[in-house]
Amino acid sequence: MRHYTLNNPDDVAREIAADFRKRRIEKNLTREQVAEQSGVAVSNIVRFEQKGLISLKNLIGIAMTLGYTSEIKSLFAQPKYATMEELTQIRKNQNKKKAHKI
């Protein structure tokens with residue numbers, strides 16, 4: 001339920017970082033081991049765990065190291081919609097290559 005109460009990007013980033021740290025520790029991996037396996041500097045892993053700050057490329061690297069390749073690849077794989085109107089618009093725009101101003 002906690003995932004539905006996050007209101008801003010900083011909160012989401014810190015939550016992802018906390019979850020990463022839990023998964024890293026569960027696998028009994030040190031930051032140094034993750035750094036070595038992922039090619040991400042230890043300082044970047046520390047900054048991510050402490051502040052939630054990381055580049056997308058480094059996030060992908062550490063996610064892959066912990067076995068989350070399919071989860072990270074599927075982030076935007078499926079369209080999300082809240083109304084039937086949005087779903088209709090999504091279906092209408094599925095084959096477009098770029099968006100246009102309305």
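Reader: At what angle do α1 and α3 pack, and how far apart are their axes?

Author: In this predicted model, α1 and α3 pack at an angle of about 120 degrees, and their axes are 7 Å apart. Axes are lines fitted to C-alpha atoms, for helices over the stretch in contact, and angles run from 0 to 180 degrees between N-to-C directions. Helices are DSSP runs of H or I with at least four residues, numbered from the N terminus. Residues are numbered from 1 along each chain as its sequence is written. Local features need pLDDT of at least 70, side-chain atom pairs count only at pLDDT 80 or more, totals for chains, interfaces and linings use all residues, and side-chain values use heavy atoms, with hydrogens and water left out.

Reader: Why are α1 and α3 called oblique to each other?

Author: Angles under 35 degrees count as roughly parallel, over 145 as roughly antiparallel, 65 to 115 as roughly perpendicular and the rest as oblique. The angle of α1 and α3 is about 120 degrees, and the two helices are therefore oblique.

Reader: Which residues make the contact of α1 with α3?

Author: Contact means heavy atoms within 4.5 Å. Helix α1 contributes Ala 13, Arg 14, Ile 16, Ala 17, Phe 20, Arg 21 and Arg 24, while α3 contributes Ile 45, Phe 48, Glu 49 and Lys 51.

Reader: What makes the pair of Phe 20 and Phe 48 tilted?

Author: The structure holds one aromatic pair. Rings of Phe, Tyr and Trp (its six-membered ring) pair if their centres lie within 6.5 Å; planes under 30 degrees apart count as stacked, over 60 as edge-to-face and the rest as tilted. The ring centres of Phe 20 and Phe 48 are 5.6 Å apart and the planes stand at 45 degrees, so the pair is tilted. It links distant parts of the chain, with Phe 20 in helix α1 (residues 9-26) and Phe 48 in helix α3, 28 residues apart.

Reader: Why is α2 called oblique to α3?

Author: The axes of α2 (residues 31-38) and α3 (residues 42-51) come within 9 Å and cross at roughly 120 degrees. That makes α2 oblique to α3.
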